Amino acid sequence: MPTTQHVTFLGVGEMGSALALSALTAGYRVTVWNRSSAKTAPLVEAGAHAAATVTEALDAAEITAPLIVCLFDHASVHEILDPVAGRLAGRRLINLTTTSPDGARELGRWAAEHGAEYLDGGIMAVPDMIGTEASRVLYSGAARLFEDHRPLFETWGTPEYLGEDAGIAALYDLALLAAMYVMFAGFFHGAAMVTAQGVPAKEFAARAVDWLRAMAPGVTGYAEIIDGGDYSVPGQQSLEFSDITDIIDATRAQGISTELVDVVQRLIHRQIDAGHGSDGFARVIESIRRPA
């Protein structure tokens with residue numbers, strides 16, 4: 001529902017701009033600040049107020065208005081907020097900057113030392129997805145802050161609260177990004193294999209999307225095995241069968257790097273060499289949990 005509540009955004013790059021525009025569309029009064037003021041222009045045209053300084057941005061809204069921080073990294077948050085730390089008492093700080101779990105916890109402690117409430121968020125979306133059903137944002141930290149501003153969060157996508165530990169949303173964020181990056185890297189490897197033979201990457205992508213979509217539900221089964229801790233459950237593909245020598249040989253024959261698939265092969269063979277070759281492929285997680 002439209003609201004007259006004020007929201008302040010510090011940092012309106014691509015993601016920050018998408019968040020601010022979504023709030024504007026929902027009827028919020030929005031103040032924006034950005035290190036490069038040119039990036040605030042489209043939001044001003046959409047109805048936002050642009051502040052020339054961080055101090056002006058803080059003064060533009062009531063002290064209890066949510067203060068959304070969406071900057072480059074953990075260091076950027078301190079760079080922008082340290083000079084105004086004395087003005088944060090009583091404020092409600094919502095940090096959507098990608099940072100490490102320990103970085104989020106440090107910011108939570110820092111905010112508390114200056115009298116501010118703190119909520120950390122991990123945005124599981126790209127800017128174009130903000131405001132759609134595909135967007136999900138994970139939060140952790142002050143529970144009251146999450147509940148009080150849930151309507152705002154719902155303008156960005158599905159909000160999910162993970163608990164009081166300020167670092168847990170960042171942990172989930174980075175873990176999910178790890179899965180994404182490795183998936184894309186796997187696609188790049190496959191594309192390199194076939195493009196070396198003159199096949200367009202676009203043609204390969206059409207097949208890769210269908211294949212990966214069909215395989216994705218297997219993650220749930222693997223999760224059950226990992227949680228159960230029994231990698232010998234019948235019906236699993238064994239580690240010995242999972243040996244990817246053929247993939248490595250075909251990769252080398254195409255004249256491209258085997259670096260990516262070599263990593264997977266090492267993880268598999270670390271468990272085989274330890275005597276677990278008949279166990280299921282999910283046992284590879286033990287190679288990851290216990291680095292060589």
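Is Val84 buried or exposed, and which residues is Val84 in contact with, leaving aside its neighbours within four places in sequence?

Analyst: Val84 is buried, because its relative accessible area is 6% (buried means under 20%, exposed over 50% and partly exposed in between, with a 1.4 Å probe and protein chains only). Keep in mind that this is a predicted model, in which local features need pLDDT of at least 70, side-chain atom pairs count only at pLDDT 80 or more, and totals for chains, interfaces and linings use all residues. Residues are numbered from 1 along each chain as its sequence is written, and side-chain values use heavy atoms, leaving out hydrogens and water.

You will find Val84 in the loop between α4 and β5 (92-95) (helices are DSSP runs of H or I with at least four residues, strands are runs of E with at least two, and both are numbered from the N terminus). Leaving aside its neighbours within four places in sequence, Val84 is in contact with Val54, Thr55 and Leu58 (contact means heavy atoms within 4.5 Å). Take Leu58: Val84 and Leu58 are 26 residues apart in sequence, and their C-alpha atoms are 9.0 Å apart in space.

In the protein, 62% of the contacts with a separation of 6 or more are between residues 24 or more positions apart.

Glu117 touches Arg91, Arg92, Leu93, Arg144 and Leu145, not counting residues up to four places away in sequence. Glu117 and Ala170 are 53 residues apart along the chain, with 17 Å between their C-alpha atoms.

The loop between β6 (117-124) and β7 (136-141) holds Ser135. Ser135 counts as buried because its relative accessibility is 1%. Residues up to four places away aside, Ser135 touches Met124, Ala125, Met129, Ile130, Trp156, Gly157 and Thr158.

Follow Trp156 and you reach the aromatic rings. There are 9 aromatic pairs in the structure (rings of Phe, Tyr and Trp, using the six-membered ring of Trp, pair if their centres lie within 6.5 Å; planes under 30 degrees apart are stacked, over 60 edge-to-face and the rest tilted). One of them joins Phe153 to Trp156: this pair is tilted, with 5.7 Å from centre to centre and 40° between the planes. Both Phe153 and Trp156 are buried. They belong to one aromatic cluster, formed by Phe9, Tyr139, Phe146, Phe153, Trp156 and Tyr161.

Helices α8 (residues 168-195) and α9 (residues 201-215) pack at about 135°, their axes 10 Å apart. They are therefore oblique to each other, and their crossing is right-handed. Among the α8 residues that meet α9 are Met183 and Phe187, while Phe204 and Leu212 are among the α9 residues. This contact has 9 nonpolar, 2 polar and no charged residues. Helices α12 (residues 245-253) and α13 (residues 259-276) also have axes 10 Å apart, at an angle of about 160°. That makes α12 roughly antiparallel to α13, and the crossing of α12 and α13 is left-handed.

Finally, zoom out: the protein has 14 helices and 8 strands, and 41% of its 292 residues count as buried.

How values were computed: Axes are lines fitted to C-alpha atoms, for helices over the stretch in contact, and angles run from 0 to 180 degrees between N-to-C directions. Angles under 35 degrees count as roughly parallel, over 145 as roughly antiparallel, 65 to 115 as roughly perpendicular and the rest as oblique. A crossing is left-handed if the near helix is turned anticlockwise from the far one by less than a right angle, and right-handed if clockwise. Ala, Val, Leu, Ile, Met, Phe, Trp, Tyr, Cys and Pro count as nonpolar, Asp, Glu, Lys and Arg as charged, and the others, Gly among them, as polar.
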